[in-house]
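Please look through the sequence and the structure shown here before reading the briefing that follows.

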Amino acid sequence: MAMGLKNRSEATTEDVAKAIRRSKVHWQSTLFSVVLLLLLLTTLVILFVLLADIIVKAYPTFQERGLSFVTSGLSLNPETAGVFTGIVGSLVIALIVVLLAFPIGMSTAIYLEEYAAASRFNRFLDTTVRNLAGVPSIVYGLLGLAMFVPLVRMMGLGGSTDGKNVIAAGITMSALVLPIVIITSSEAIRAVPNSIREAGFGVGATKWEVIRSHVMPVALPGILTGTVLTLARAIGETAPLLVIGVATGYFAPPGDATILDQLTGAYTALPVVVFSWTRQTQGEFAETLAPAAIVVLLGVLFILNGAAIWLRNRTEKKW
Amino acid sequence: MTDSIDLVSDTDAETGKSGTRDPTPTPRVSGRPRVTGGTPNDANKVIIDFKDVDVYYGDFHAVDSVTVPVREKEITAFIGPSGCGKSTVLRSINRMNDLIESARVEGTITYHGVDLYAPGVDPVEVRRHIGMVFQKPNPFPKSIYENIAFGPKIAGFKGNMDDLVEESLLRAALWNEVKDRLTETALALSGGQQQRLCIARAIATSPDVLLMDEPASALDPIATLRIEDLMYELKQDYTIIIVTHNMQQAARVSDRTAFFSVDVNEGRRTGRLVEFTETAKIFTSPQQRETEDYITGRFG
């Protein structure tokens with residue numbers, strides 16, 4: 001006990017040794033760490049059961065079909081149905097998101113963090129962006145149907161689907177992830193120490209030079225990590241695509257279709273493939289093919305996240 | 001060239017054992033008198049002139065009516081207790097306060113007779129003439145070379161950059177310690193080395209005034225002495241204004257000293273210039289009671 005030492009100047013070595021010896025268990029601290037560990041294990045168990053269940057169900061498909069499951073397109077016949085069309089659709093959507101949402105989102109973040117004055121209007125903008133990030137994805141689907149489908153049609157890219165194609169889907173997904181891109185980029189930019197900006201201004205750099213040469217290089221790894229994670233969200237979303245007319249059944253592009261025809265024609269995406277297979281009347285689709293498609297979807301997500309980490313490590317200075 | 005970062009020689013430099021490598025260590029390090037008094041000379045031209053300068057943050061009156069003439073090739077020290085506005089006054093010279101939206105300067109600050117706050121004055125250009133060294137060493141997270149080269153590059157320097165980098169590092173008394181690892185990160189340098197790098201970076205754009213905002217407050221005593229020695233050297237070519245908490249430092253390095261105090265009014269603190277005169281005078285025979293209380297340790 002700390003109180004045991006009344007007179008420190010007269011305490012012997014033994015007294016001190018006794019006073020500072022571990023004499024009781026700090027049970028609150030122990031209990032807290034045990035609870036934390038249990039909660040962590042709960043998460044891990046849920047995740048593991050989920051993965052194991054899907055992989056076990058998917059295994060026969062991969063065993064029988066091998067890579068042909070990944071390389072063949074949609075079919076009404078469970079023996080030959082594959083997810084290739086879905087992979088292509090998802091990747092095109094991802095590409096559009098990278099080309100649209102990333103540059104717009106990063107620029108907005110730079111403006112909000114570096115240029116916008118602390119005015120009431122800009123605070124309102126900031127709050128609005130944060131609220132947008134919480135809007136349910138189905139609402140973005142409605143937005144896509146009301147705005148982006150007609151927009152694609154107006155651009156002359158309506159094709160055989162009259163605008164309800166993968167281009168409109170990509171734009172809708174871009175709008176969906178844009179607020180998240182802005183928020184994560186803003187946070188990465190805000191995390192750059194002000195002393196670096198001062199150093200830049202101190203040697204006579206303009207705002208643009210400070211941002212380009214010092215703020216962005218430091219913020220970029222954080223921005224990339226955040227934004228590529230939003231890409232995973234764009235690839236995993238199903239609801240908005242259902243609203244803006246993704247094909248949920250079987251379709252095949254005509255044999256002589258050009259790339260433009262395919263881009264503007266019927267399309268599907270990986271999560272939609274999973275969704276529609278679980279609703280098929282033939283049992284094989286729901287029982288073995290859908291889990292296999294989920295495994296492919298997870299694989300694509302892992303590859304994308306891996307790419308994000310690789311990209312971040314590459315941009316992050318070794319020092 | 002060594003692969004690993006040479007922390008050993010770094011430590012040596014900072015603990016003053018660099019004498020083994022430098023055959024003529026400056027004697028001032030050990031034998032510095034308590035008050036040098038500097039070499040103030042009234043014949044020196046006034047280069048930066050504060051006339052009735054008030055600084056506000058929004059409607060908060062941060063600094064009240066400062067009048068200080070800063071003379072060329074002298075070291076002018078701003079001392080005073082925390083919150084007395086000395087840093088605010090310093091940062092109003094190279095318009096770093098512009099970065100704070102609500103900051104506003106009233107009165108006039110002239111540089112070679114030109115009003116620094118006149119419309120049409122570009123703060124970016126001002127900062128190329130009036131360099132700054134900050135309280136905490138803030139090298140860019142880049143190589144040592146790039147740290148020095150950035151300022152001249154954006155200012156459109158067309159000469160030999162390698163020579164300029166070498167010259168700047170030599171003048172900042174850092175060259176010998178870093179010449180073999182110019183391409184390595186500046187963040188691996190010790191605090192004292194980083195601060196000398198920041199001084200080298202500031203003089204690379206050849207400003208004629210150097211503002212130093214407590215440049216040694218984050219450093220150990222040996223590194224502090226090296227920075228002070230460096231200021232002494234730089235005084236030959238530059239006008240230096242230094243803000244410091246450390247009265248001994250002001251006494252050791254400066255030629256003239258401005259003492260600031262702070263008035264607390266309804267919980268708001270407004271800085272005010274109490275006395276400005278030659279350093280030798282302010283430390284031996286201050287005219288104001290407040291100054292005397294502060295330098296004798298009865299206040300602040």
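In which sense do β3(B) and β9(B) pair, and over how many bridges? β3(B) and β9(B) pair in the parallel sense, over four bridges, where two strands are said to pair if DSSP finds at least two bridges between them. This is a predicted model, in which local features need pLDDT of at least 70 and side-chain atom pairs count only at pLDDT 80 or more, while totals for chains, interfaces and linings use all residues. Residues are numbered from 1 along each chain as its sequence is written, and chains are lettered from A and ligands numbered from 1 in the order in which they are written. Helices (H or I, at least four residues) and strands (E, at least two) are DSSP runs, numbered from the N terminus.

**The sheet of chain B**

- In chain B, 10 strands form an open sheet with mixed pairing, and their order is β5-β4-β1-β2-β10-β9-β3-β8-β7-β6.
- β5 (114–115) and β6 of chain B stand at the edges with a single partner strand each, so one side of each is left without a neighbour in the sheet.
- Strands of a sheet pair through backbone hydrogen bonds, either parallel or antiparallel.
- The parallel sense is found for strand β2 (residues 60–71) of chain B and strand β10 (residues 268–278) of chain B, which pair over two bridges, and B:V63 stands opposite B:G271 in β10(B).
- β9(B) and β10(B), by contrast, run antiparallel and are joined by 10 bridges, with B:A258 opposite B:F276 in β10(B).
- These two strands, β9(B) and β10(B), form a hairpin with two residues between them, and B:E266 in the turn has a positive phi of about 50 degrees.

- β3(B) is joined to β8(B) by four bridges and runs parallel to it, and B:F78 has B:V243 as its bridge partner in β8(B).
- Towards β9(B), the bridge partner of B:T76 is B:R256, and β9(B) is itself mostly covered, since seven of its 10 residues are buried.

**The loop residue B:D255**

- B:D255 is found in the loop between α10 (247–253) and β9 (256–265) of chain B, and B:D255 counts as buried because it has 22 C-beta neighbours inside 10 Å.
- Not counting residues up to four places away in sequence, B:D255 touches B:G38, B:T39, B:P40, B:E74, B:I75, B:T76, B:E278 and B:T279, where two residues are in contact if their C-beta atoms, placed from the backbone, lie within 7 Å.

**Helix packing in chain A**

- Two packed helices are described by the angle between their axes and the distance between the axes.
- Helix α12 (residues 270–278) of chain A and helix α13 (residues 283–315) of chain A have axes that come within 9 Å and cross at roughly 170 degrees; axes are lines fitted to C-alpha atoms, for helices over the stretch in contact, and angles run from 0 to 180 degrees between N-to-C directions.
- That crossing makes α12(A) roughly antiparallel to α13(A), given that angles under 35 degrees count as roughly parallel, over 145 as roughly antiparallel, 65 to 115 as roughly perpendicular and the rest as oblique.
- Helix α4 (residues 84–115) of chain A packs against α12(A) at an angle of about 140 degrees, with their axes 7 Å apart, and α4(A) and α12(A) are therefore oblique to each other.
- This contact is made by A:G86, A:I87 and A:S90 of α4(A) and by A:L270, A:V272 and A:V273 of α12(A).

**Where the two chains meet**

- The contact takes 18 residues from chain A and 23 residues from chain B.
- On the side of chain B that touches chain A, α4 (123–129), β6 (130–133), α5 (144–154) and α8 (191–204) of chain B each supply at least two residues.

Key
A residue is buried if 20 or more other C-beta atoms lie within 10 Å of its own, exposed if 12 or fewer, and partly exposed in between; C-beta atoms are placed from the backbone.
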